[in-house]
Amino acid sequence: MDGFRWDYFDQQNLDFPGFRRMFKTGVKAEYMIPDFPSLSYPNYYSIMTGLHVESHGMVGNFMYDEKHKQKFLAGINVAHKHPFWWDDGEPLWVSAEKQNKRVHMYYWPGCEAVIRGVKPTYCREYNILLTPHVRQMKNAIIESIPLFKNDSADVVGIYLETPDKYGHKYGVNSEKLNHALEEVDQGVMFLQNKLKENGLEDKVNVMIFSDHGMTNVSDSRVVNLTTVIDMADIDVIMDSGPTVYVWPKNNKIDKVYNDIKRFRHPRLQVYQKEEIPERWFCRHHYRIPPILLVADSGWYIVHPTLKQIFSYFDSGQMRGHHGYDNIGKDMRAIFVANGPDFKTNMIAKPFHNVHLYQIMCHILDIKAAPNNGSWSHVREMLRYPPAVPVTKPPINPSSSTVTKEGVKSNASSFKCQSDLKLCFNMMLLLLVVSFIKKSVKQLV
Ligand SMILES: [Zn+2]
């Protein structure tokens, strides 16, 4: 569920009977920490690969790849289908298909791409002109139930854009967002009811998570670089708002950096690539630009090619955004799960979203690709956790990054409580926010 902020559940004027039913019958994390930048594509992929951004290479929603001289414009251009954007990581659906599991994905960004030579058994492509809302989610659930019953799917992933869309357009605490969240909850209740009606309640694991949170933005909190950056010095500049990616022309890196530094905006952080904090686990990928600009939470960077806060044709200026420092409270995401493999009525400690991939592999009884996940942070949620974790040798998950693996999932000792054939797994991607786990990985 895109952009579902962790504390939406705590709003006094909102009730979440569908989610509350899941809290009681399963596990709820206090919150989940996203990867940096707390944008969608980086986190879709951190969740599904278990890798940090610098290893999987999905460094933003709007990216420039110098090596291939191509731009990636989230949900807009067809260039995003080129495998090179994705191939540094191995998402769950690829790991699963390679090991003879069948994965059906609804609107899941990236399922349309051929990654490491593999596509899921079924992919209903995300279409920016048709935002996947609760109606599409319910239809996908209706289509999925028979797949589980007749043993033709092992994993179903459903992407829901509603919380993100309403958060961006109307802002946190807006009536329109709150109404949308109630509808989302009805979708969760619908799912729980459908599973029960079909006798799948104890056979299907449901995991609901989001990629990041949301915070309100306003034109009273703008970092205006329109006269600070001289476009004559710039090769490529991508995105606006919380993060801006800058590729200066040859020999202009220091000039552009110094121009922005001299501006001394108190709400703007300016980094040359080597200055980007290690704790963000993003700077070692080649797609990270020579200069990265990051605003403080709630502030919005504009520059010569994107001079204003984004406006929607129907609702006007954007009211909410995300992409800020991933330890910010407003960027936190959700994780909720129930089913045969999860404990009941449990509140789990916060964890980083890179730990999810290994859990999904474990439940599916497949071997996980090298990843940055660590069992110590998430094993308490499972009824049948893997045997004592094994320390693995260093891994090199991307061509550009050497990452040292800490504790990793290994061949799993897990057996589903019920017949394995019936032990299906369904996931819903809610907008995610998660936090950085400091002990997860050490860079070599
Ligand atoms: Zn998102």
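Guide: Let's start with burial: 53% of the protein's 444 residues are buried. A residue counts as buried with 20 or more other C-beta atoms within 10 Å of its own, as exposed with 12 or fewer, and as partly exposed in between, the C-beta atoms being placed from the backbone. This is a predicted model, where local features need pLDDT of at least 70 and side-chain atom pairs count only at pLDDT 80 or more, while totals for chains, interfaces and linings use all residues. Residue numbers start from 1 along each chain as its sequence is written.

Visitor: How many helices and strands does the protein have?

Guide: There are 9 helices and 27 strands. Both are DSSP runs numbered from the N terminus: helices are H or I with at least four residues, strands are E with at least two. Next come contacts, meaning two residues whose backbone-placed C-beta atoms lie within 7 Å. Among contacts in the protein between residues at least 6 apart in sequence, 77% join residues at least 24 apart.

Visitor: Why is helix α2 largely enclosed by the rest of the structure?

Guide: Count its residues: 10 of the 10 in α2 (residues 40-49) are buried, so the rest of the structure largely encloses this helix. The run goes S40, Y41, P42, N43, Y44, Y45, S46, I47, M48 and T49.

Visitor: Which elements do the buried residues of α2 pack against?

Guide: They pack against α3 (53-56), α4 (92-98), β8 (204-209) and α9 (356-364). Look at Y357 for some of the detail: leaving out residues up to four places away in sequence, Y357 touches I47, M48, T49, G50, L92, A368, N371 and G373.

Visitor: Which members of the largest nonpolar core touch the most other members?

Guide: Of its 119 residues, those are M32, F209, L293, I334 and Y357. The core draws at least three residues from each of domain 1 (6-59 + 75-216 + 328-437) and domain 2 (222-308). A nonpolar core here is a set of buried Ala, Val, Leu, Ile, Met, Phe, Trp, Tyr and Cys residues joined through C-beta atoms within 7 Å. The domain bounds come from an automatic or database domain assignment.

Visitor: Now the sheets. What is the strand order in the open sheet of 4 strands?

Guide: Read it as β11-β12-β14-β13, with antiparallel pairing; strands pair if DSSP finds at least two bridges between them. β11 (234-238) and β13 (268-272) are the edge strands, each pairing on one side only. From one strand to the next, the twist averages 20°.

Visitor: How many bridges hold β11 and β12 together?

Guide: 4 bridges, with β12 covering residues 243-248. Across that pairing, V236 stands opposite W247, and M238 has Y245 as its bridge partner. The two strands make a hairpin with 4 residues between them, and D239 in the turn has a positive phi of about 70°. On to β14: another 4 bridges join it to β12, again antiparallel, with V246 partnered by I291. As for burial, β12 is mostly covered, with 5 of its 6 residues buried.

Visitor: Which helix lies across β11, β12, β13 and β14?

Guide: That's α8 (residues 253-263), running at about 165° to β13. Axes are lines fitted to C-alpha atoms, for helices over the stretch in contact, and angles run from 0 to 180 degrees between N-to-C directions.

Visitor: Is N100 buried or exposed?

Guide: N100 is exposed, because it has 8 C-beta neighbours inside 10 Å. R116 is partly exposed, because 16 other C-beta atoms lie within 10 Å. For contrast, take G89, in the loop between β4 (70-73) and α4: G89 is buried, with 28 other C-beta atoms within 10 Å. G89 and G57 are 32 residues apart in sequence and 7.6 Å apart in space, C-alpha to C-alpha.
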